Amino acid sequence: MSHCTTIFIGTTKGLFLLKSENGRDGWVLSGPHCDGWPINHALGSDGVMLAGGGGDFPGAGIWRSADAGATWEVVKLADGEMDAWARADPEAAKIFGLDATADPAPYSGRIKAIWSLGKAGDRIYAGAKPATLFSSDDKGMSWQAVESLTDHPSAESWQAGGAGLVLHSIVSAPKTPEKVWLAISAAGIFATDDGGASWERRNRLGNLGPCGHTHHPAGPKDGETGHCVHNIVRAGGDEDLLYQQNHHGVFRSRDGGRSWDDITEGLPSTFGFPIAVHPEKPDTIWTLPLNGDMEGRYPPDASAAVWRSRDGGDTWEACRTGLPQENCYFTVLRQAMTTDADAGLWFGTNSGSVFASFDEGDSWQELAQHLPTVLCVEAAR
């Protein structure tokens, strides 16, 4: 390989870029970018890099680079505590390089952070906390709220997950970009077939079983998967094949989310955050189970493994070579696992490491370490 590979690593202290000019060798890390903001997700497409994040202090926004990450500018969507502080003390604001005269950001008081980014055709979407969807038709230079989701009839019943009411996953169908799927924790999955004009809630269990009730409050019940979806992916190809890692189990849908089948059997636990799918093999998927939501949220037996299925989740096998096999207590968060265009598989940990596999999970190598808590790992497309 001779092309450049760029991996985005969003952390609690800014965005880092891991680049190789030779496809898989000579990795160079740069950062932190984006003024040290917490970066929950990133996206690269059509010569533009975007990084979404923020929080109570900086506010919410999407950083944008049009020069391969050399320089960044933020499109502010909501003010944070620092903006109120700057306006109250303009002289001190100057010392810290803050603009005390800036107009309030357009969605101030409505959102606290950006949590996800996704592309559908030429349109880019961003998901926020609390659950709000934004769209941009100018490569991220300006953003508008998608009120059709905000006004969904079920909105008043949406329940916050452990991290709050967050819109954390956005996937689309490349050949039919008017099809988009979202995941909100803990309101479940929503889909549009008309480019966001309307949305349908899609959480119904299929008929294959096992289904029904479970002792866990986040588990399937009343004929639906649990609504605390942790991550979703769409496989390549024309079939609307989706996979999700739920708070309580892993599920597969072959009909665009209209029904879901439980494929957890064979995994060491029902709990985990990320899921990934091979870019060219729709039935090859990976997930990283943790020991449980109340047991510490680390790999079972403190022994790290990425679990792989080559048959769409019917059977599973553990991939361990190159991963720590004892005293391993890291967590891998919902946006912290991805594949690149050449089927490389990546994940980052809350202990600041980034691991990669270039043989579909058979073996792993640690390509970055000692970073801040990794919130996302994504590949430029």
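Strand β17 (residues 242–246) has five of its five residues buried, so β17 is largely enclosed by the rest of the structure. Buried means under 20% relative accessible area, exposed means over 50%, and partly exposed lies in between (1.4 Å probe, protein chains only). Helices (H or I, at least four residues) and strands (E, at least two) are DSSP runs, numbered from the N terminus. This is a predicted model, in which local features need pLDDT of at least 70 and side-chain atom pairs count only at pLDDT 80 or more, while totals for chains, interfaces and linings use all residues. Residues are numbered from 1 along each chain as its sequence is written, and side-chain values use heavy atoms, with hydrogens and water left out.

- Two strands pair if DSSP finds at least two bridges between them.
- β17 pairs with strand β16 (residues 229–234) in the antiparallel sense over five bridges, and Leu242 of β17 has Arg234 opposite.
- β17 also pairs with strand β18 (residues 249–253), again antiparallel and over five bridges.
- On the β18 side, Leu242 has Ser253 as its bridge partner.
- Two residues separate β17 from β18, and the two strands form a hairpin.

**A four-stranded open sheet**

- Strands of a sheet pair through backbone hydrogen bonds, either parallel or antiparallel.
- Four strands make an open sheet in the order β8-β9-β10-β11, and the pairing is antiparallel.
- The edges of this sheet are β8 (113–120) and β11 (144–145); each has a single partner strand, so one side of each is left without a neighbour in the sheet.
- Strand β10 (residues 132–136) pairs with β11 in the antiparallel sense over two bridges, and Ser135 stands opposite Gln144 of β11.

**Trp27**

- Trp27 sits in the loop between β2 (14–20) and β3 (28–33).
- Trp27 is buried, because its relative accessible area is 18%.
- Contact means heavy atoms within 4.5 Å.
- Leaving out residues up to four places away in sequence, Trp27 touches Thr5, Ile7, Leu18, Lys19, Ser20, Trp346, Phe358 and Leu367.
- A polar contact is a pair of N or O atoms within 3.5 Å; within protein, one must be able to donate a hydrogen and the other to accept it, and residues adjacent in sequence count only if both atoms are side-chain atoms.
- The Trp27 side chain reaches the backbone oxygen of Arg24 at 3.0 Å.
- Trp27 and Ala60 are 33 residues apart along the chain, and their C-alpha atoms are separated by 31 Å.

**Glu360**

- Glu360 lies in the loop between β26 (354–357) and β27 (365–368).
- With a relative accessible area of 14%, Glu360 is buried.
- The side chain of Glu360 makes polar contacts with the side chains of His278, at 3.2 Å, and Arg310, at 2.6 Å.
- Not counting residues up to four places away in sequence, Glu360 touches His278, Lys281, Trp286, Arg308 and Arg310.

**A nonpolar surface patch**

- Trp85, Ile95 and Phe96 make a nonpolar surface patch of about 380 Å².
- Patches are made of residues with over 30% relative accessible area and no salt bridge: like charges are joined within 9 Å, and nonpolar side chains (Val, Leu, Ile, Met, Phe, Trp, Tyr) within 5 Å.
- A salt bridge is a side-chain nitrogen of Lys or Arg within 4 Å of a carboxyl oxygen of Asp or Glu.
- Accessible areas come from the Shrake-Rupley method with a 1.4 Å probe; for residues, only the protein chains shown count as cover.
- Trp85 belongs to helix α1 (residues 81–88) and is partly exposed, with a relative accessible area of 35%.

**Backbone details**

- The peptide bond joining Gly31 and Pro32 is cis, with omega about 0 degrees; Pro32 is in strand β3.
- Another cis peptide bond runs from Ser185 to Ala186, with omega near 10 degrees; Ala186 is in the loop between β13 (176–185) and β14 (188–192).
- Ala68 is not a glycine, yet its phi is positive, near 60 degrees.
- Ala68 is in the loop between β6 (59–65) and β7 (73–78) and is partly exposed, at 44% relative accessible area.
- Asp301, also not a glycine, has a positive phi of about 60 degrees.
- Asp301 is in the loop between β21 (285–290) and β22 (306–309) and is exposed, with a relative accessible area of 76%.
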